[in-house]
Amino acid sequence: MINLEEYPWLKSKGYLHITPKINVLKRRGELIGKITSPDFVAGYSFYPLIHSVIVERRYRKDPQRENKRYHTKEKRGKVVANAKERPLHYATHMDALIFGYYAHIISERYEKELDNHLGLTECITAYRKLPIPGEKRNKGTIHFAHEVFQYVKERASARPVVVLKFDIESFFNRMDHNLLKTKWMALFPDNGRLPPAHFNVFQATTKFSYILKGDLRISQPASKYTKRSGFDERKLARIRNELGQQAFFESPADFRQSIKSKKIRVYKYPFRDKKTKRIHGIPQGLPISSVLANLYLMDFDIKMLELTKEHGLYRRYSDDIIIVCEPEQMNDFRQLVQQTIEESNVSLSNDKTEVFQFKMSHD
């Protein structure tokens with residue numbers, strides 16, 4: 001009897017994709033055997049991803065009205081929506097299971113590497129399971145924020161402190177593939193290269209192809225203000241009722257025919273350096289993306305911990321960086337973060353850098 005708790009990566013996905021949904025519970029033995037086999041993964045052909053964009057509204061405190069929020073901002077003299085478009089790419093169900101398994105085994109070695117540096121595991125707070133002492137739950141963003149606030153409160157009770165907040169510009173889109181590969185190989189050394197199965201997953205993550213979710217709809221909207229049309233429900237019902245499957249296409253041959261007839265276009269390499277045209281970046285939305293994002297900045301995290309552990313605090317939540325230091329250290333830390341992050345071939349969004357000074361009132 002297979003204990004599914006031993007395979008946390010073996011998860012069903014609810015969305016429609018190119019290939020059918022998978023009954024993970026029914027096929028668990030077959031799936032575990034294939035996905036954990038390096039030979040199977042080394043020779044596996046990944047399908048294109050499906051690309052979509054979600055819009056996240058950002059609310060700001062209204063200085064004119066207490067306890068009120070607004071979601072617009074002024075840009076170039078015009079009032080526009082204060083929203084962020086987040087591109088997502090998601091994989092077929094089998095592909096996602098493979099990405100999930102490799103995310104799992106990478107994460108295990110990544111966590112061991114963190115433990116080799118005293119205090120580092122507390123600094124990286126995104127995409128990890130950090131248990132709450134004495135409870136069965138894991139910490140969330142509220143707990144991480146509370147820890148920073150408590151640290152600031154204690155430090156500010158004695159003397160003023162400064163909190164520096166940085167944002168890495170287009171972090172996932174700009175990861176350098178060679179640097180990512182080097183970090184990956186450090187966890188799984190194999191005579192100066194990635195093991196074949198790992199290399200195939202690396203290639204699928206960095207040199208991926210994709211189709212647009214909008215191209216799967218019956219028709220395209222005339223403008224961004226026009227309501228989007230739905231999918232071909234008749235075809236979906238036929239696939240479901242006649243084939244007993246849930247997918248956008250009847251078969252791989254049906255998918256290839258849609259490409260050949262130009263109903264569907266396959267895209268490649270969406271992220272390129274504007275000057276050199278070099279391909280870089282990884283897609284957001286894959287089960288493996290988050291652990292690779294943390295692994296990518298391992299050297300940066302170690303350096304930041306070393307710089308702050310005696311006189312300050314360092315925390316990173318994905319592409320958001322927090323430094324707590326004394327006022328006279330502020331300019332030095334701003335310069336150090338800027339220089340050190342560029343060693344990872346990414347950069348800061350300077351317009352999003354924020355500085356807050358705290359001091360306790362003794363009145």
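## A pocket and its aromatic neighbours

The second largest pocket has a volume of about 680 Å³. Its lining counts 21 residues, and the closest to its centre are Lys11, Ala103, His104, Ser107 and Lys129. A pocket here is an open set of points on a 1 Å grid where a 1.4 Å probe fits, with protein on both sides within 12 Å along at least five of seven lines; lining residues have an atom within 4 Å of a point.

This is a predicted model: local features need pLDDT of at least 70, side-chain atom pairs count only at pLDDT 80 or more, and totals for linings use all residues. Residues are numbered from 1 along each chain, and side-chain values use heavy atoms.

Helix H3 (93-115) and helix H9 (289-296) each supply at least two lining residues. The largest share, 9 residues, comes from H3. Helices are DSSP runs of H or I with at least four residues. By class, the lining has 10 nonpolar, 5 polar and 6 charged residues.

Now the rings. The whole structure holds 19 aromatic pairs. Rings of Phe, Tyr and Trp (its six-membered ring) pair if their centres lie within 6.5 Å, and planes over 60 degrees apart count as edge-to-face. Two edge-to-face pairs follow.

| Pair | Centre to centre | Between the planes |
|---|---|---|
| Tyr7 and Trp9 | 6.1 Å | 85° |
| Tyr44 and Phe46 | 5.0 Å | 85° |

Trp9 is buried at 7% relative accessible area, while Tyr7 is partly exposed at 22%. Buried means under 20%, and partly exposed lies between that and 50% (1.4 Å probe, protein chains only). Ring pairs also link Tyr7, Trp9, Tyr101 and Tyr102 into a cluster.

Methods: Points joined across faces, edges and corners; volume = space filled by probe spheres on them. Nonpolar A, V, L, I, M, F, W, Y, C, P; charged D, E, K, R; others polar. Phe/Tyr/Trp six-rings, centres within 6.5 Å; stacked < 30°, edge-to-face > 60°.
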